[in-house]
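This report describes a few local features of one structure. Please look at the sequence and the model first.

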Amino acid sequence: PASRAPPAGVPAGGARPQAQGYKPPVRNAGQVPPPAPAAGAPAGATPASVPAAEAPVLSPVQLANASPMEQKQMLGEVLYMSIVASQPELAGKITGMLLEMDNAELLHLLETPDSLNLKVSEALAVLQEFQNQADAK
């Protein structure tokens, strides 16, 4: 079979394109870390919400056209960006905990900052209780 077409991505002459150097993915490139808490503020205190310009926008059309798995992914990304300003160390863990909720409830949290802050506080309490139990053993 000498007249066989080359595999996709390989030029007809059989020569392979020159490999480009590996560039590791850069996460959050160009982002500035959240501001430090004000003097006298309790440890770990930072602004409670992210300005709307920094959080990704989730359109109802995008969400409606996505599979349930993609919906969770999209909601998780927006939730994470909403949580990371106030809890940079635990944002991933808290987001994971919140993603156990129904999508309709997650949408409500994203639309209501006070509700989101309350759920984040509840998640922090659960994590603290878990840590206390682990420390007691």
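## Two helices side by side

H2 and H4 are roughly parallel to each other, a label given to angles under 35 degrees, while angles over 145 count as roughly antiparallel, 65 to 115 as roughly perpendicular and the rest as oblique. Their axes come within 11 Å and cross at roughly 25 degrees. Axes here are lines fitted to C-alpha atoms, for helices over the stretch in contact, and angles run from 0 to 180 degrees between N-to-C directions. Helix H4 covers residues 103-111, and helix H2 covers residues 68-83. Helices are DSSP runs (H or I, at least four residues), numbered from the N terminus.

This is a predicted model, in which local features need pLDDT of at least 70 and side-chain atom pairs count only at pLDDT 80 or more, while totals for chains, interfaces and linings use all residues. Residues are numbered from 1 along each chain as its sequence is written, and side-chain values use heavy atoms, with hydrogens and water left out.

## Residues between H2 and H4

On the H2 side, Pro68, Gln71, Lys72, Leu75, Val78, Leu79 and Ser82 meet Asn103, Leu106, Leu107 and Leu110 of H4. Contact means heavy atoms within 4.5 Å.

Leu79 is buried, with a relative accessible area of 0%. Buried means under 20% relative accessible area, exposed over 50%, and partly exposed in between (1.4 Å probe, protein chains only). Beyond its neighbours within four places in sequence, Leu79 is in contact with Thr95, Leu98, Leu99, Leu106, Leu110 and Leu116. Leu79 and Leu110 are 31 residues apart in sequence, yet their C-alpha atoms are 6.9 Å apart in space.

Gln71 in helix H2 is also buried, at a relative accessible area of 18%. Its side chain makes a polar contact with the side chain of Asn103 (3.1 Å). A polar contact is a pair of N or O atoms within 3.5 Å; within protein, one must be able to donate a hydrogen and the other to accept it, and residues adjacent in sequence count only if both atoms are side-chain atoms.

How many salt bridges does a search of the whole structure find? The search finds one. Glu122 forms a salt bridge with Lys119, with the closest N and O atoms 3.5 Å apart. The term means a side-chain nitrogen of Lys or Arg within 4 Å of a carboxyl oxygen of Asp or Glu.

Glu122 and Lys119 are three residues apart in helix H5 (residues 113-136), so about one helical turn separates them. Glu122 is partly exposed at 37% relative accessible area, and Lys119 is partly exposed at 28%.
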